[in-house]
Amino acid sequence: MSKPIRFHIAQRGEINKTHEYSMRLMSILAALVAGGLFLLALGYNPFEIYASILSGALGSSGMQKETIKIMIPLCLTTLGVTLAFKMRFWNIGAEGQICAGAIAASYFAYFQDQLPQAVLLPAMAIAAVVAGGLWGLLPAYFKTRFGTNETLFTLMLNYIIGFFITYLREGPWRNPEGGFAATPRFPKQARLPMLNFPGIGNIHIGWVVMFVMVFWVFFYLRYTKHGYELTVVGENINTAKYAGMPVKKIILRTMFISAGICGLVGMIQVAGPDRQLTDAVANGRGFTAVSIAWLARLSPIGIMFVSFLFSVLEKGCSMMQTDFRIPASMSDILQGIILFCVLGGEFFIRYRIGRIKEEA
C-alpha cells in the first residue's frame, strides 16, 4: 500500500522584485479568467461584463465622483487598522469604531446645531476621533491588563455599538416627523462643504482629509519615534521590552490613534454623503479594510491605490447589476472570486508549498 503524499508550507526567503510583480500580474489574470468562467456559466459575455464594470465606475464624471466617495471611507478605515496591524494588534473592530465616531458627531449635529459651521464641524470631528479612540481603548486595555484575545474582543464590540445605533434610531433620536423609524437629516451647518476634485468636480471635503491622512500615516510610521516603537513592538515584543520601551503604553497609544482614525470615518460619512445617522454608516468597510491592508502590505501609499481599485470594483459591480439585471448575490460572488485569486497571489509571493520527503 503506497503512502499518502504529504506537503508543507514554508516561508520564502528574499524574493526577486521581478518575480514578485510577475506573480501579482498572474494573480490578476487568474482572477479575470476565474471570474470570466463564472460569468460564462451564468450565460453572460465576460468581456461585456468587465467593460460594464469599468464604464460604471469611470465612464463619466458623475460615476467617478461616486467611486471617489466610496474610496474615501475605505482608504481612511484601512489607514486606521494599519497602525494596529503594524503592531500585530489585530483590530477587527473598525466597524464599531466608525459607529462610535458617527454617534458622537451626530450628537453635536442634532443638539449643538446653533453653533456656526466653522465651529460645529471641527467639534464633530474631534468628538468622533475621541469616541472612536476610547472605543478602541477598551480591547487594548484588557489586552495589556489581562491578556485577552483582541480579535474576538474588537469583533464583539462591533455588534454592541451597532445595535446601540438601532436603539437611537428607533428611540430617543427618532425623527418625530417621519413615517418610519429614522433619525432626522443634519442641518446645513453640520454638513461637509463641497470642494472641487481636479478633473472630476465637486465632492465633499473628505477627499482632502483622505490625502492628508495618507501622508500623515506615512510620515508617522517612517519618521517618528512613536512609529518606530510600534514597529519594533510588532516585529518582536520581547526585543521592545529588552530595549526598555513602555510596551503597554505603546499598545494603548497606538490603538487610540488607530480607532480614532476609524471614528473620524464615521463623522465624514454622517456629515458627508449620508447627512444623517443610519445603521449602515459602517457598511462592512471595517472588514473590507482588512483585505486592503494586507494587499497593500501595510503601506500607506499602497493603501490609497488598492482602495481605489476596490472602489472601482464595488461601484462598477453595482452598475453591472443594473445593466445586465444580475442579482446582487451573483455580483458579490464575482467580487469574491476576484479577491480570492488576488489574495491567493499574495500568499504564494510569501510562501511556497513543498513536498515532505519520507525518511527510511
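This is a predicted model: local features need pLDDT of at least 70, side-chain atom pairs count only at pLDDT 80 or more; totals for chains, interfaces and linings use all residues.
The C-alpha atom of Glu 14 is separated by 47 Å from that of Met 194, a residue 180 places away along the chain.

## Helix α1 against helix α13

Helix α1 (residues 17-41) meets helix α13 (residues 328-350), and the axes of the two come within 8 Å and cross at roughly 155°. Because an angle over 145 degrees counts as roughly antiparallel, α1 is described as roughly antiparallel to α13. The crossing of α1 with α13 is right-handed.

On the α1 side, the contact is made by Glu 20, Met 23, Arg 24, Ser 27, Ala 30, Ala 31, Ala 34, Gly 35, Phe 38 and Leu 39. On the α13 side, the residues taking part include Met 330, Ile 333, Leu 334, Ile 337, Ile 338 and Cys 341, and also Val 342, Gly 345, Glu 346, Phe 348 and Ile 349. Sorted by class, the contact of α1 with α13 has 15 nonpolar, three polar and three charged residues.

## Two helices that pack on α10

Helix α10 (residues 247-274) has a partner in helix α8 (residues 225-235), and the axes of these two helices come within 10 Å and cross at roughly 110°. That angle makes α8 roughly perpendicular to α10, and the crossing of the pair is left-handed. From α8, the residues His 226, Glu 229, Leu 230 and Val 233 meet Val 247, Ile 250, Arg 253 and Thr 254 of α10. By class, this contact of α8 with α10 has four nonpolar, two polar and two charged residues.

Helix α7 (residues 206-223) also packs with α10, at an angle of about 170° and with the axes 11 Å apart, which means that α7 is roughly antiparallel to α10. The contact joins Gly 206, Val 209, Met 213, Trp 216, Val 217 and Tyr 220 of α7 to Arg 253, Ile 257, Ile 261, Leu 264 and Ile 268 of α10. The residues of the contact of α7 with α10 divide into nine nonpolar, one polar and one charged.

In soluble globular proteins, nonpolar side chains tend to be buried together. Setting aside residues up to four places away in sequence, Leu 277 touches Ala 102, Ile 103, Ser 106, Tyr 110, Ile 165, Leu 168, Trp 173, Thr 183, Phe 186 and Val 270.

Met 255 lies in helix α10 and, at 0% relative accessibility, counts as buried. Not counting residues up to four places away in sequence, Met 255 touches Ala 84, Phe 89, Asn 91, Gln 97, Gly 136 and Ala 140. The C-alpha atoms of Met 255 and Gly 80 are separated by 8.9 Å, although the two residues are 175 residues apart along the chain.

Ser 52 is found in helix α2 (residues 46-58), where its relative accessible area of 6% places it among buried residues, the cut-off for which is under 20%. Leaving aside neighbours within four places in sequence, Ser 52 is in contact with Gly 316, Met 319, Met 320, Asp 323 and Phe 324.

The C-alpha atom of Met 156 is separated by 9.2 Å from that of Ile 92, a residue 64 residues apart from it along the chain.

## Loop residues with positive phi

Arg 88 has a positive phi of about 60° although it is not a glycine. This residue is found in the loop between α3 (61-86) and α4 (94-111), and Arg 88 is partly exposed, with a relative accessible area of 44%.

Asn 283 likewise has a positive phi, near 55°, in a residue other than glycine. The place of Asn 283 is in the loop between α10 and α11 (285-295).

Key
Residues are numbered from 1 along each chain as its sequence is written. Side-chain values use heavy atoms; hydrogens and water are left out. Contact means heavy atoms within 4.5 Å. Axes are lines fitted to C-alpha atoms, for helices over the stretch in contact, and angles run from 0 to 180 degrees between N-to-C directions. Helices (H or I, at least four residues) and strands (E, at least two) are DSSP runs, numbered from the N terminus. Angles under 35 degrees count as roughly parallel, over 145 as roughly antiparallel, 65 to 115 as roughly perpendicular and the rest as oblique. A crossing is left-handed if the near helix is turned anticlockwise from the far one by less than a right angle, and right-handed if clockwise. Ala, Val, Leu, Ile, Met, Phe, Trp, Tyr, Cys and Pro count as nonpolar, Asp, Glu, Lys and Arg as charged, and the others, Gly among them, as polar. Buried means under 20% relative accessible area, exposed over 50%, partly exposed in between (1.4 Å probe, protein chains only).
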